[in-house]
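Here is a friendly walk through a two-chain model, written for someone who likes to keep the structure open while reading. Please have the viewer ready.

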Amino acid sequence: MAIWLAGRRGASYCVKALISTTFRSSRSYTTAFASNGNSDSLFFCGNSSSAAVFGSQRFESTKARQQLDLLSSDDDEEQNQGVDFPGGRVAFTSEMSFLPESSEKRVQCYRVLDDNGYPLSSTQFKHVSKELAVKMYRGMVTLQTMDTTLYEAQRQGRLSFYVTSYGEEAINLASAAALGFDDLILPQYREAGVLLWRGFTLQEFVNQCLGNKNDYGKGRQMPIHYGSNKHNYFTVSSPIATQLPQAVGVAYSLKMDKKDACVVTYFGDGSTSEGDFHASLNFAAVMEVPVVFICRNNGWAISTPITEQFRSDGIVVKGQAYGIRSIRVDGNDALAIYNAVGVAREMAIKEQRPILIEALTYRVGHHSTSDDSTKYRPVDEIEHWKTARNPVSIFRKWVQRKGWWSDEEESEFRANVRKQVMDAIQVGEKIEKPPLADMFSDVYEEVPSNLMEQERLVRDTVKRHPQDYPTNIPL
Amino acid sequence: MWGILSQKLGAARGLSSQVVGNYVLRLRLAPSAMPMRHYSSATKEMTVRDALNSALDEEMAADPNVFVMGEEVGEYQGAYKITKGLLDKYGPERVVDTPITEAGFAGIGVGSAYHGLRPVIEFMTFNFSMQAIDHIINSAAKSNYMSAGQINVPIVFRGPNGPAAGVGAQHSQCYGAWYGSVPGLKVLVPYSSEDARGLLKAAIRDPDPVVFLENELLYGETFPISAEALDSSFCLPIGKAKIEREGKDITITAFSKMVGYALKAAEILEKEGINAEVINLRSIRPLDRATINASVRKTNRLVTVEEGFPQHGVGAEICATVVEDSFGYLDAPVERIAGADVPTPYAANLERMAFPQIEDIVRAAKRACYRSVPMAASA
């Protein structure tokens, strides 16, 4: 189901949401926003039918249900009663018309601030405190600075690999700020900022990238594959979109727990081509689980532009195809992200349903340190997004105008963070690598005998031929 | 060693091999190996289907985190009725019917295991597991290692594996070797009802991801089952093979349906004076190298039997194992019986030619014992 936002000037306006039937009796409800600019909260008055009842959906499906509300209601409603089929009643038409492959107008994008950081006059958004705004802004700057420093470290050969999140700082920090600590995160790999918000320290990030003994991953993964149980951030996994059905599974488990928490999973535009994307959206809707799908549509999947990735109007329209409420948001607008994710989270938990958010943005950096994006896209395009549409600058303007930040604080903060990252690298490089035993543990819950034997053999060999082995590997 | 002895005696004295066999048998100090000796004296019987169903039922009753998910497992009572009655008993949140997406529900299962549930994911056949194999290997098998123990995956993937009867190439492949090669997975292959109960319960309780390879044709077969095996706390150890039939002339390893064939082959061989030891592997990963090697050191000859493709198969691994650990004890090259190296044909006559039959096992055993065998088309 798509929420159509009718932006109008004036004090109040309301949004009408229509749902097409699934296996349930039809229902429609209105969603009303409280008016005026700086109001405290958005609220929904929904009178949807009974909350998702466990187990009812399967048994209803075999019965033909009553009518459905049609989206285009100016059709001849009185005239035709419709015809029953599995799935419900459909009105019939004598006119053979194909739904167009795309609608004339693209789905609109929710936005709070314009490119210069001024709130759009008609936009409704939740009040953000100074503390929260500054924390978000600092997080964005920290992410940007950490990225720059670690990217340079890779170029110097101190890291083997790195992935930056340039251009997506707002998505990272603002979405994290809108979530609760108990919400479980299943990331793709360009969401380090979410982990940063939750308290992962610069030293912890660097330890993982260096694969030293203090890495929570025990040196088993490539850089940027962070994971931390205590931060409710699942370990990054390289294959694309595998985290999506997993997120639905985690949400299923969470649903059974009945906690005031949801699952949030991130993915890029490229991920939406994977089979896992379709399976997980479909499944999430059928199982009615509290999961928020956040798509970072940044225009590029390595060198594949979105025009070659899909032919739909982005990802937001795909939500409705699966029976999922969706919204398109300006991903470079921190306040828009903060608002949309907050509302999505509430809906997901209260109504136990999946929500899809498409955050439009641009991948300013290269895909990774193994990529040179100037080879497949124009340099001035990158420059444009780096300067005129930079999410950090936009938010900075808004925060500074509020009197909550200043230029002096900016330069001081940036210099400070950079120094911290450099120190973390220096400290991290001096820390030992993981011990040999870590190669054999965690394959299974208990180390099996064959691996114990292999470890013995390796240690024997190292003892007998020490000259063949690096000296910095603790045994 | 006994095998050679009996041959020499037979050759020297012109005695029939049967007499020689018996003579040699009496010299042994170990208790005589009678077939079917290993089932206790309880007389209850159970089909493999009921064994699996009861195991699932008991584990779901004992632990509310255990749930079943797959296509047709609920309303339809299971494509092969393994999950019969579970939906009525435990409700739709614990017996979840899924849309047709193996990748989807395998991934969802793994995700739910990440967060504390214990899913039992059913594939209608393991041939369809290929559509989910990324989740089995990259998500389930490797997660504990890659997350350094932060994410463990106590999941069971189960379903029929290998050929059935007349189901063609895309429904007949055996995946024992594929999953058996992946560190992080445990791969179990039950044969009898006792195996089915004990190993499935062990798999569900195990904190690691387990691939549980059943066999469609065995579902309907009845086996005697002891009172001990019927107890709800019954569990078999993972990684231990079972010696189904003790013998001293030759070791035959098999798993799943081929165990039955190997036992029948052993009976035929017995009549010809070859006393075969049949090992039911029960577990492909971890492979019970100790039992296999101890047996080969006793008999000095080995025939491996499997329905899967020969190249890179389970038999190849067993052969390498024996060469590594017990080369000096082998009196003959290892005989490897496997399915034909072709996609499974449908026509009944061709299908029969594509999989090991009892005669193939008998001929291989004789070859390993240096008996001359008539030239015949081998599997």
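A polar contact, as the term is used below, is a pair of N or O atoms within 3.5 Å; within protein, one of the two must be able to donate a hydrogen and the other to accept it, and residues adjacent in sequence count only if both atoms are side-chain atoms. Please keep in mind that this is a predicted model.

## The two chains

Let us start with chain B. Its 379 residues include 60% that count as buried, and its fold holds 14 helices and 14 strands. Among contacts in chain B between residues at least 6 apart in sequence, 81% join residues at least 24 apart.

Chain A has 475 residues, 52% of them buried. It contains 13 helices and 11 strands. When contacts in chain A with a separation of 6 or more are considered, residues 24 or more positions apart account for 70% of them.

## Where chain B meets chain A

How many residues does each chain bring to the contact? Chain B brings 44 residues and chain A brings 39 residues. Together the two chains bury about 3500 Å², with 62% of that area on carbon and sulfur atoms. On the chain B side, 21% of the buried area comes from His115(B), Tyr145(B) and Gln150(B), more than from any other three residues.

Between chain B and chain A there are zero salt bridges, while 15 residue pairs are in polar contact, both residues being at pLDDT 80 or more. On chain B, the elements that each supply at least two residues to the side touching chain A are β2 (66–70), β3 (95–97), α5 (102–114) and α6 (133–146). The largest share, nine residues, comes from α5(B). Sorted by class, this side of chain B has 20 nonpolar, 16 polar and eight charged residues.

## Two domains within chain B

Chain B also has an interface of its own. It is divided into domain 1 (2–6 + 47–230) and domain 2 (242–369), and the centres of these two domains of chain B, taken over C-alpha atoms, are separated by 25 Å. In the contact between them, 33 residues of domain 1 of chain B touch 29 residues of domain 2 of chain B. The two domains of chain B bury about 2400 Å² between them, 58% of it on carbon and sulfur atoms.

What about charge pairs and polar pairs here? Two salt bridges are found across the interface of domain 1 of chain B and domain 2 of chain B. Glu194(B) forms a salt bridge with Arg282(B), where the closest N and O atoms are 3.7 Å apart. Nine residue pairs are in polar contact between domain 1 of chain B and domain 2 of chain B, both residues at pLDDT 80 or more. On the domain 1 side of chain B, α1 (2–13), α7 (176–180), β6 (186–188) and α8 (193–205) each supply at least two residues that touch domain 2 of chain B. The element that gives the most is α7(B), with four residues. By class, this side of domain 1 of chain B has 21 nonpolar, nine polar and three charged residues.

## A lysine inside chain B

Is Lys248(B) buried or exposed? With a relative accessible area of 2%, Lys248(B) is buried, because the cut-off for that class is under 20%. Lys248(B) sits in the loop between β9 (242–245) and β10 (250–254) of chain B. Its side chain is joined to that of Asp249(B) by a polar contact of 3.0 Å.

## Backbone details in the loops

In chain B, the peptide bond from Arg285(B) to Pro286(B) is cis, with omega near 0°. Pro286(B) lies in the loop between β12 (283–285) and α11 (289–299) of chain B.

The other two have a positive phi. His312(B), a residue other than glycine, has phi near 60° and is found in the loop between β13 (302–305) and α12 (314–326) of chain B. His312(B) is exposed, with a relative accessible area of 65%. In chain A, Lys258(A) has phi near 55°, again a positive value in a residue other than glycine. Lys258(A) is placed in the loop between α6 (243–257) and β6 (263–268) of chain A, and at 68% relative accessibility Lys258(A) counts as exposed.

Definitions and conventions: Residues are numbered from 1 along each chain as its sequence is written. Chains are lettered from A and ligands numbered from 1 in the order in which they are written. Side-chain values use heavy atoms; hydrogens and water are left out. Contact means heavy atoms within 4.5 Å. Buried area is the accessible area (1.4 Å probe) that two parts lose on being put together, summed over both. A salt bridge is a side-chain nitrogen of Lys or Arg within 4 Å of a carboxyl oxygen of Asp or Glu. Ala, Val, Leu, Ile, Met, Phe, Trp, Tyr, Cys and Pro count as nonpolar, Asp, Glu, Lys and Arg as charged, and the others, Gly among them, as polar. Domain bounds come from an automatic or database domain assignment. Buried means under 20% relative accessible area, exposed over 50%, partly exposed in between (1.4 Å probe, protein chains only).
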